[in-house]
Structures are given as C-alpha cells and as structure tokens.
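Welcome! Please look over the protein shown here, and then follow the briefing topic by topic.

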Amino acid sequence: SVEKHLLREYGPLLFYPGYTQPDKGIGYLSRYGEGLRENGGVYTHAATWAIIAEVIMRRPEKAYEIYSKICPAKKNPRIYFAEPYVTCGNVDGPQSAYFGRGGWTWYSGSGAWLFKVSSEWILGIRPTLEGLLIDPCIPCDWLGFKVIRKFRGATYEIEVENPQRVSFGVKEILLDEKRLEKPIIPSLSDGKTHQVRVVLG
C-alpha cells in the first residue's frame, strides 16, 4: 500500500489525499492546507519508519530507495526547495502548489531518525541488551562498508565485506581475529579499540 498509494519523489506521504477542510474530529492536522506538513505531505519521522519496515521485511533495495528519496544529499537541488545539506521535517506533497518544498529544516528529530535508520537498520549496526548486533540489509551491489562505532565504553572498527554480492545474512564475524558464534559483539567496556570483521554470505 505504501508503494502503491504513498511513495513519491521525496519519500512516502503520511497519507493521501490530504484534508481539504478542517475536521473537528481530526484536529489541527486538517487545518493545514492540503499537501502541507502532516496533511498529505512527507512527514520525515514517519517516512523513516517506512525504511525500518522495509528492512524488517528484508527488502533492501526498496529500503535504500526510500532512504535516497529522503536523504538531502541525494536530492536534486533544482527541484528540492530547501537547503540541500540538512534533513527537513517535512516536504510538501503533490496537492500543494509547492510540491517538493522542504520545511522545518534544522529540525533535529528528523535528522536523528534518518541517521538512526541508515546506521542501525540499513548498515544494521544497532544496540541490543545483549550487545552490538551486526545485521546489515544493503543493496546487493555494495562491496561492503566500514564503520567506527563507540559502544558501552569501547570502540569498534567494523569492516563489512560482501564478496558474494548478497543483501543480508552474516556468514562470519570475527572480533579481534576470534570467531563469534553469532553476529552480536559483546559489551567489552574496556576503553580499548577493537577490530571487527564481518563477511556477508
């Protein structure tokens, strides 16, 4: 349904079509003009959650497509009416006369959510109670990536390799050249820097 009804050039709309007149049962949202902010626009917080959903469903190409539509660095500055170097809180939807206009730029919540979904869900390096889970869900043409992650009092230099051009599935993980049984880095909390090598397959 997101793909069919909501996904547009700037990410998934919160809903569509937007309200054309105020609705007391809905409240302030319906008082925005149609296509503006939460009323039929791209509301960045919720749009990033669509990326998480795609990763959970193991659809990395679609997750990265949605990420690319939201990420300001990947937008076409000639049609994106906001600073091209900052995540905006919302983008006007297709019912707006200014479709594509960004609003609420420098809004920290949206930037934080975009960072969270890219680092913890697409790259798949996310904290759990047990330790630091390594569970990438990336486009299959990626050869790999490197991340430095500070976690619970230690620093981990993580290198992910993708020799078989898969999108997910950890075949092997080594912590300081010692094989781990599962893709969770334990909390060493020793103030040191550790090397992590991950092979997908």
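Helices (H or I, at least four residues) and strands (E, at least two) are DSSP runs, numbered from the N terminus. By that rule, the protein chain has four helices and 13 strands. This is a predicted model, in which local features need pLDDT of at least 70 and side-chain atom pairs count only at pLDDT 80 or more, while totals for chains, interfaces and linings use all residues. Residues are numbered from 1 along each chain as its sequence is written, and side-chain values use heavy atoms, with hydrogens and water left out.

**The chain as a whole**

- Along its principal axes, the C-alpha trace of the protein chain spans about 60 × 35 × 35 Å.
- Of the 201 residues in the protein chain, 47% are buried. Here buried means under 20% relative accessible area, exposed means over 50%, and partly exposed is in between (1.4 Å probe, protein chains only).
- Contact means heavy atoms within 4.5 Å. Among the contacts in the protein chain with a separation of 6 or more, 54% are between residues 24 or more positions apart.

**The nonpolar core**

- A nonpolar core is a set of buried Ala, Val, Leu, Ile, Met, Phe, Trp, Tyr and Cys residues joined through side-chain atoms within 4.5 Å.
- The largest such core has 41 residues, and those touching the most other members are Ile51, Tyr156, Ile158, Ile185, Val196 and Val198. Helix α2 (residues 44-56) gives the most to this core, with five residues.
- Which residues does Val196 contact, leaving aside its neighbours within four places in sequence? They are Tyr156, Glu157, Ile158, Glu159, Ile173, Leu174, Leu175 and Ile185.

**The largest pocket**

- On a 1 Å grid over the protein atoms alone, a pocket is an open set of points where a 1.4 Å probe fits, with protein on both sides within 12 Å along at least five of seven lines; lining residues have an atom within 4 Å of a point.
- The largest pocket holds about 150 Å³ of space; a volume is the space filled by probe spheres set on the points, which are joined across faces, edges and corners.
- Its lining is made of Phe115, Ser118, Ser119, Glu120, Leu123, Ile125, Val147, Ile148 and Arg149.
- Both α4 (108-122) and β8 (144-151) supply at least two residues of that lining, and α4 has the largest share, with four residues.
- By type, the lining residues are five nonpolar, two polar and two charged. Ala, Val, Leu, Ile, Met, Phe, Trp, Tyr, Cys and Pro count as nonpolar, Asp, Glu, Lys and Arg as charged, and the others, Gly among them, as polar.

**Cysteines**

- The whole structure has zero disulfides, a disulfide being a pair of cysteine sulfur atoms within 2.5 Å.
- Cys137 is buried, with a relative accessible area of 1%, whereas Cys140 is partly exposed at 35% relative accessibility.

**Backbone details to find**

- The peptide bond from Tyr16 to Pro17 is cis, with omega near -5°. Pro17 sits in the loop between β2 (11-12) and β3 (42-43).
- Arg152 has phi near 45°, a positive value in a residue other than glycine. Arg152 is in the loop between β8 and β9 (154-161) and is partly exposed, at 38% relative accessibility.
- Glu177 also has a positive phi, near 70°, and is a residue other than glycine. Look for Glu177 in the loop between β10 (170-175) and β11 (178-179), where Glu177 is exposed, with a relative accessible area of 75%.
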